[in-house]
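Subject: A structure for you to look at

Hello,

Here is the structure I promised to pass on to you. Have a look at it first, and then read on for what turned up.

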Amino acid sequence: MSKTVLLLLLGLTCVLAAAPRRLFGEEHYQAHFSAFVAKYSKQYATSDLLYRYNIFKTNVDKIEHHNRAGKSYTMGMNKFGDMPFEEFHAKYTGYTPVKRDYIRSKNTVSVVHDHKVTNPKSVDWRDQGAVTPVKDQGQCGSCWAFSATGSLEGAYFIAFNTSVSLSEQQLVDCSGAQGNQGCNGGLMDQAFEYVMSNGGLTSEDKYPYTAMDGDCMNPLPDPVASVSKYVDVATNKDSALENAVVIGPVSVAIEADQESFQFYKSGVFDDPTCGDMLDHGVLAVGYGVDNNKKYWIVKNSWGSDWGDNGYIRMVRSTADEGECGINMDPSYPIAAKPGQ
């Protein structure tokens, strides 16, 4: 018996049992689940199939309920459609909050531009070539590494007009001495500290990503970009983050512990329930305005098939911490060439 036929039989059995109220008929869910399985090449053990199918139906309803509410952003089905939120969150975040107030106080800069011209109304570093294509951290809590490489890639391009795609795997495998824990989490600042102590970071091609912890490559390939120092942007200040983003892409941390993050698709994300328990490292690459709603342009590391081609626009909140805590822990590196 094929899995598809088995699914249909199990689905009908589930309908006849005490199933929750659904928005659609069973044929709708079965057709969409079959398309989902084919699109994302999903494979399930027979014992897991019904469980994943029922999770999928719950997520379809959740997305539909949200979109019918007419909010400022839409949700859409993606590769995470067979995961309950708790499983998704455990596998796809990885920022490890650490109290570093004293260290930050010695390294914090209130970014003030030398010129007297006001900041532009919008900035998008993708248009300038300073942002590499969206990457995918997979089921590894290495978001911190992708945020760190993203800000260094941007800083290096702006400083030297050279685009490089840097190795997250080197940070995962090699920066334990700075306090990072590979797929179990880390901090962007600690990644910058590793790059400084190591004399640079190599390219993605020379040290490819595996989405799992590994031994640090020995000998390490030659570095292609380095860091002379890094800047901790003044915390809880929207204007300070804006000033930093005018200079280049900025590593930021957010609370992604929201079910709406799992299926964000488009629009300006504005969720009053989003708090400031930081758990996910991402990259602020610009800002703009949409229908009088100011927003940050944020690059994620869940692949280009998540969100708006891998990005999310997050509202610029009036709260000091910002939407989902985005103003709380921003930083960026000063790029250098290896050996300089």
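Helix H2 gives the largest share of the lining of the second largest pocket, with 5 residues. Please keep in mind that this is a predicted model. The space in that pocket comes to about 220 Å³. Its lining is made of 15 residues, and the closest to the centre are His32, Phe56, Val60, Gly76 and Met77. Helix H2 (26-39) and helix H3 (46-68) are the elements that give two or more residues to this lining. Sorted by class, the lining of the second largest pocket holds 9 nonpolar, 4 polar and 2 charged residues.

Helix H2 also takes part in a ring contact. Phe33 and Tyr44 form a stacked aromatic pair, with 6.1 Å from centre to centre and 15° between the planes. Phe33 belongs to helix H2 and Tyr44 to the loop between H2 and H3, so this pair ties together parts that are 11 residues apart in sequence. Are these two residues, Phe33 and Tyr44, buried or exposed? Both are buried.

In total, the structure holds 23 aromatic pairs. Another of them is Tyr264 with Trp306: the ring centres are 5.8 Å apart and the planes stand at 40°, so the pair is tilted. Tyr264 and Trp306 are both buried. Ring pairs also join Tyr264 and Trp306 into a cluster with other residues, including Tyr73, Phe80, Phe269 and Trp302.

Strand S1 (residues 73-75) pairs with strand S6 (residues 264-269) in the antiparallel sense, over 3 bridges, and Tyr73 stands opposite Gly267 in S6. S6 pairs with strand S9 (residues 311-315) as well, this time in the parallel sense and over 2 bridges. There, Phe269 has Met314 in S9 as its bridge partner.

Arg313 lies over the face of Tyr295, 4.8 Å from the ring centre, and Arg316 lies over the face of Tyr287, at 5.2 Å from the ring centre.

Of the 14 residues that line the largest cavity, Phe146, Ser147, Lys299, Asn300 and Ser301 are the closest to its centre. Which helix gives the most to this lining? Helix H6 does, with 6 residues. By class, the lining of the largest cavity has 4 nonpolar, 6 polar and 4 charged residues.

Enjoy exploring!

Conventions:
Residues are numbered from 1 along each chain as its sequence is written. This is a predicted model: local features need pLDDT of at least 70, side-chain atom pairs count only at pLDDT 80 or more; totals for chains, interfaces and linings use all residues. Side-chain values use heavy atoms; hydrogens and water are left out. Two strands pair if DSSP finds at least two bridges between them. Helices (H or I, at least four residues) and strands (E, at least two) are DSSP runs, numbered from the N terminus. On a 1 Å grid over the protein atoms alone, a cavity is a set of points where a 1.4 Å probe fits but cannot get out, and a pocket is an open set with protein on both sides within 12 Å along at least five of seven lines; lining residues have an atom within 4 Å of a point. Ala, Val, Leu, Ile, Met, Phe, Trp, Tyr, Cys and Pro count as nonpolar, Asp, Glu, Lys and Arg as charged, and the others, Gly among them, as polar. Grid points are joined across faces, edges and corners, and a volume is the space filled by probe spheres set on the points. Rings of Phe, Tyr and Trp (its six-membered ring) pair if their centres lie within 6.5 Å; planes under 30 degrees apart count as stacked, over 60 as edge-to-face and the rest as tilted. Buried means under 20% relative accessible area, exposed over 50%, partly exposed in between (1.4 Å probe, protein chains only). A charge sits over a ring if NZ of Lys or CZ of Arg is within 6 Å of the ring centre and within 35 degrees of the ring normal.
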